[in-house]
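Hi everyone, thanks for coming. Let me put the model up on the screen, and then we can walk through a few places in it together.

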Amino acid sequence: MSKLFIFAVGGTGARVLRSLTMLLAAGVRIPNCDQVVPVLIDPDTQNGDVTRTVALLKRYARIHEALYGDGQKEKTGFFSQPMNTLAHLNTSGGGEELRDSFVYDFGGISQPFRDYLKYNDLSVETQGLVDLLFTQDSLAANLDVGFRGSPNVGSVVLNAVVQSKEMRYLAQSLQDGDRAFFISSIFGGTGAAGFPLLVKNLRDANSPLAHPEIRRRLKAGALVMLPYFKLQDPSADEKSAGQDFIDSNTFVTKTKTALSYYADNLQGLEAMYYLGDQPGQPLANHPGRAEQRNQAHLLELLGALAVPHFMEVPDNQLDGNQPLYHEYGLKADTTDIDFGQLPTEMRQEVARPLIQLHYFARYFLKHTPDDAKAPYYEAGDLTAQLRNNRALRELTDFFGDYNEWLRELGVNQRRYTAIRADEVDFNKMVSDKTVETGIFSKGITPGFFRDELTKAVGKATLSNPTENEALRWVVKAFEEATGEILDKKLQYS
């Protein structure tokens, strides 16, 4: 079974992975991949971007298992892409056991960088060298909030990652046909530092990691996020109070420096994807912990699409000696981005499943509770199921996460408006596809949707189902109904 290991490094990596999870929930499948194994890497264990994405990944994995576990045949459709943690790969791992987590375990780094280096134990000459390489602020910075836009600090700390039990476990599980994909920013600290280190050490035939020949043949790609947002400058009072802030005025300079380093030193990748944009309104300046919880951005959704794009490229077209370089451009420089702005092939891959997911989420949350007398509702005994079924509550919570993500995409200067987050009329939810209504048709009404659900269910009724069986019944009904609705009313392909 071919696996795709996704290394999401830093807060930007976590946010792109959040958007990718929404695509997978909609039924977008990653080609030539039997299992996705995400690994989030950030020493700031309280980082809001990371903790939110981890919670989403766990919820997705539980819903997938409920739908497709118990020997159920996997297929296309909502939540159909298998996703698991490293701990579930069932390798010997050299006798080591891993936490069942999507996050790399840094072991709770909580000391200042100075103490991490054991500065006071160094020789006078070495201390002088350290003082030349790092500012006093960097040496005093506490590592439990990450690297605060300082890749030189991150490159030292993240060297420990490659000797970790997680990396040994991953290398032990590698098989021919597996691939790796790295997601990071180039203008921060954790991503800019961690990404090239991970690539170098995963490829290094002289490292103690298992399967050096498989690691050499492993096809690897990367998404590098160039600056696409900026942060508020701290006030004079905040500066005088000694609070920690990130200076986003240095993002472009850091990007140029990193690109220069990549050009001369980065090897071991078959494909590189670059994305960036002019920043909009400055975001709140939170260097780490729970407060670093940025709103979803269009570029993170576009960046997530690099993953299936990379996976559909055949092995014989990927050559590490001549990497493929990809950039992405919209059809027009506009602030509102709908499906019509996407290339035709991408529109076909993502528009239909995203619309179906939105219709599913909107009807399930807003209209299903009022359908107590509908034939489909009675056939599924949904009064009891919606009240008691934990698997359906998990689905409800996921749709809450989805609604939050969709609303966030619509508030940036570059707005994703393909699906109108707060539109209550199904006929107007897709911005570039308004359903025609008139004397003989009201288009997609709740009543029409209800009838399609009843047709999808047919004579299939539930009788003493397990929680998972009831979830499958509901998801299958909505999958078929939303597909019919699109074919009859939107014809969106």
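Predicted model: local features only at pLDDT ≥ 70, side-chain atom pairs only at ≥ 80, totals over all residues.

Residues are numbered from 1 along each chain as its sequence is written, and side-chain values use heavy atoms, with hydrogens and water left out.

Let's start with α1 (10–26) and α2, residues 48–68. Helices here are DSSP runs of H or I, at least four residues, and strands are runs of E, at least two, numbered from the N terminus. The axes of α1 and α2 are 9 Å apart, at an angle of about 25 degrees; axes are lines fitted to C-alpha atoms, for helices over the stretch in contact, and angles run from 0 to 180 degrees between N-to-C directions. So α1 is roughly parallel to α2, a label for angles under 35 degrees.

Now to α2 and α17, residues 390–409: their axes come within 10 Å and cross at roughly 135 degrees. The contact, meaning heavy atoms within 4.5 Å, includes Arg52, Leu56 and Arg59 on α2, and Asp401, Glu404 and Glu408 on α17. By class, we have five nonpolar, no polar and eight charged residues there, where charged means Asp, Glu, Lys and Arg, nonpolar means Ala, Val, Leu, Ile, Met, Phe, Trp, Tyr, Cys and Pro, and polar means the others, Gly among them.

Now, is Arg18 buried or exposed? Arg18, in helix α1, is buried, with a relative accessible area of 3%; buried means under 20%, exposed over 50% and partly exposed in between, using a 1.4 Å probe and protein chains only. Its side chain makes a polar contact of 2.7 Å with that of Glu408. A polar contact is a pair of N or O atoms within 3.5 Å; within protein, one must be able to donate a hydrogen and the other to accept it, and residues adjacent in sequence count only if both atoms are side-chain atoms. Arg18 also touches Arg52 and Leu56, among others.

Finally, Asp34 sits in the loop between α1 and β2 (35–41) and is partly exposed at 33%. The Asp34 side chain reaches the backbone nitrogen of Ser2 at 2.8 Å. Asp34 and Pro82 are 48 residues apart in sequence, yet 6.7 Å apart in space, C-alpha to C-alpha.

Conventions
Parallel < 35°, antiparallel > 145°, perpendicular 65-115°, else oblique. Lists of a residue's contacts leave out its neighbours within four places in sequence.
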